[in-house]
Amino acid sequence: MLDHIRAGAKGRGSCPAGTNNRDLSFDFAKGILITLVIIGHLLQYLIYQGTDAFWLSPYFKSIYMFHMPLFMAISGYLSSGAILRKSFTQGVGERAMQLLLPMLFWCTLIWTLKSAVIFPMKSLTDTLLDLPTEVIGTYWFIWAAFISFILIRVLTTFNRLSIWIISASAIAVAFAPITLSITPLLKYTYPFYCLGFLFAQPIGWQNGIIWRYKSIFVVLFSIAAFICFLGWGKETYAYNNLVLIHDEQSAKQVLLMFAGSLAASAVAMQSMFQCWRLVYSTRLARFVAVQLGQSTLLLYLVQGAVFRLMDLIQFGEVWNLTTRFAFATVLGVAIVVIAMAIRRIARDLGYVSRIVVGTPPRPSLLKSQSVIN
């Protein structure tokens with residue numbers, strides 16, 4: 001994250017949401033990233049629906065090289081304050097309420113809607129077994145972020161050795177020979193969560209080598225990202241290689257994946273910070289930062305529900321490429337509009353806000369409720 005993150009744990013990343021010290025540049029980056037998540041899924045589920053061509057699409061590849069790893073790095077950086085200041089029980093409890101509670105609500109909603117359509121064609125047992133699949137698979141990134149938070153919080157109890165232990169854990173998790181369920185995606189993203197957390201710590205090497213030679217690092221990362229982009233193929237994605245090394249070819253693909261994601265994430269983060277410095281005063285930039293960047297969880301939940309329900313849509317010959325692009329544009333805008341509407345409505349509905357959106361009720365609303373009760 002280069003020179004923008006010098007402040008360490010005492011700086012921007014430790015500021016709770018809603019304070020005057022909140023750094024909107026991180027919200028701006030998150031807003032861009034969640035937009036790329038939506039675009040990536042539109043490419044996969046709509047533009048290239050019914051084929052495997054999306055794996056080789058340069059647009060799909062340029063997004064998937066960095067968007068989730070960088071999301072995890074930012075999450076690790078911004079979570080450092082909660083990890084270091086709060087007790088284990090308080091930190092994990094608050095994170096579960098923020099992430100898991102709304103995820104369960106949206107998974108149940110998806111399962112209910114899909115069951116209403118598919119139920120006549122499936123047995124009750126099969127329908128019930130679909131619910132755990134929705135909970136675990138649909139929103140894998142939420143599980144990855146939550147598990148990463150717990151692991152880092154446990155490892156920070158080792159005090160002075162925690163930085164080295166966290167670094168070792170990133171390597172150990174990344175190359176663990178486990179492929180069960182969503183563990184390959186956790187193995188892929190956990191090292192980036194660790195990296196973000198470590199960047200939030202005021203350790204000497206940040207203010208030394210990296211900041212002194214920042215421009216050189218940016219150039220080198222750009223070159224490395226371009227080379228990795230050229231070599232990136234279907235087996236380079238974590239979904240396909242399962243982050244598992246079993247021979248020379250698989251080792252090449254896994255190492256290429258990590259190297260390409262690291263280089264692309266560094267370049268993308270620096271580019272977004274530079275862009276923010278140039279356009280921060282514009283309405284569009286403020287919309288991306290405040291509306292999108294501060295609603296990434298809700299946008300992720302809404303788009304996940306939409307694309308899961310798209311499995312019920314049958315695409316016929318009438319869905320040519322032009323029609324798909326038009327529908328993708330409308331659908332992408334609709335996802336944002338729906339999420340913003342839900343956010344606006346839920347924030348005034350007490351604990352519905354926590355269940356649906358993942359944010360606590362507004363203090364003024366809690367006060368009025370306590371008076372009524």
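**Figure 1. The protein chain is built from 18 helices and 0 strands.** Helices (H or I, at least four residues) and strands (E, at least two) are DSSP runs, numbered from the N terminus. This is a predicted model, where local features need pLDDT of at least 70 and side-chain atom pairs count only at pLDDT 80 or more, while totals for chains, interfaces and linings use all residues. Residues are numbered from 1 along each chain as its sequence is written, and side-chain values use heavy atoms, with hydrogens and water left out. Of the 373 residues in the protein chain, 48% are buried; here buried means under 20% relative accessible area, exposed means over 50%, and partly exposed lies in between (1.4 Å probe, protein chains only). The protein chain exposes about 18,600 Å², with 68% of that area supplied by carbon and sulfur atoms; accessible areas come from the Shrake-Rupley method with a 1.4 Å probe, and for residues only the protein chains shown count as cover. Among contacts in the protein chain with a separation of 6 or more, 78% involve residues 24 or more positions apart, a contact being heavy atoms within 4.5 Å.

**Figure 2. Y45 and F307 form an aromatic pair between two helices.** Rings of Phe, Tyr and Trp (its six-membered ring) pair if their centres lie within 6.5 Å; planes under 30 degrees apart count as stacked, over 60 as edge-to-face and the rest as tilted. The count by this rule comes to 24 aromatic pairs. With ring centres 5.5 Å apart and planes at 20°, Y45 and F307 are stacked. Because Y45 belongs to helix 1 (residues 24-47) and F307 to helix 15 (residues 296-309), the pair ties together parts that are 262 residues apart in sequence. Take a look at the two partners in turn: Y45 is partly exposed, at 27% relative accessibility, whereas F307 is buried, at 2%.

**Figure 3. W55 and F60 meet edge-to-face.**

**Figure 4. K61 lies over the face of F229.** The distance from K61 to the ring centre of F229 is 4.4 Å. A charge sits over a ring if NZ of Lys or CZ of Arg is within 6 Å of the ring centre and within 35 degrees of the ring normal.

**Figure 5. Helix 3 packs against helix 7.** Helix 3 (residues 67-78) and helix 7 (residues 140-155) have their axes 11 Å apart, at an angle of about 35°. Axes are lines fitted to C-alpha atoms, for helices over the stretch in contact, and angles run from 0 to 180 degrees between N-to-C directions. The crossing of helix 3 past helix 7 is right-handed; a crossing is left-handed if the near helix is turned anticlockwise from the far one by less than a right angle, and right-handed if clockwise. Helix 3 brings M68, F71 and M72 to the contact, and helix 7 brings W140, F141, A144, A145 and S148.

**Figure 6. S148 and I150 are two residues of helix 7.** S148 is buried, at 0% relative accessibility. Apart from residues up to four places away in sequence, S148 touches M72, L186, Y190 and Y193. I150 is partly exposed, with a relative accessible area of 24%. The C-alpha atoms of I150 and F88 are 8.3 Å apart, although the two residues are 62 residues apart along the chain.

**Figure 7. S181 has a positive phi value in a residue other than glycine.** Phi of S181 is near 50°. S181 sits in the loop between helix 8 (162-174) and helix 9 (183-199), and it is exposed, at 52% relative accessibility.

**Figure 8. L242 likewise has a positive phi value.** Phi of L242 is near 55°. L242 is found in the loop between helix 12 (238-241) and helix 13 (248-279), and it is partly exposed, at 31% relative accessibility.
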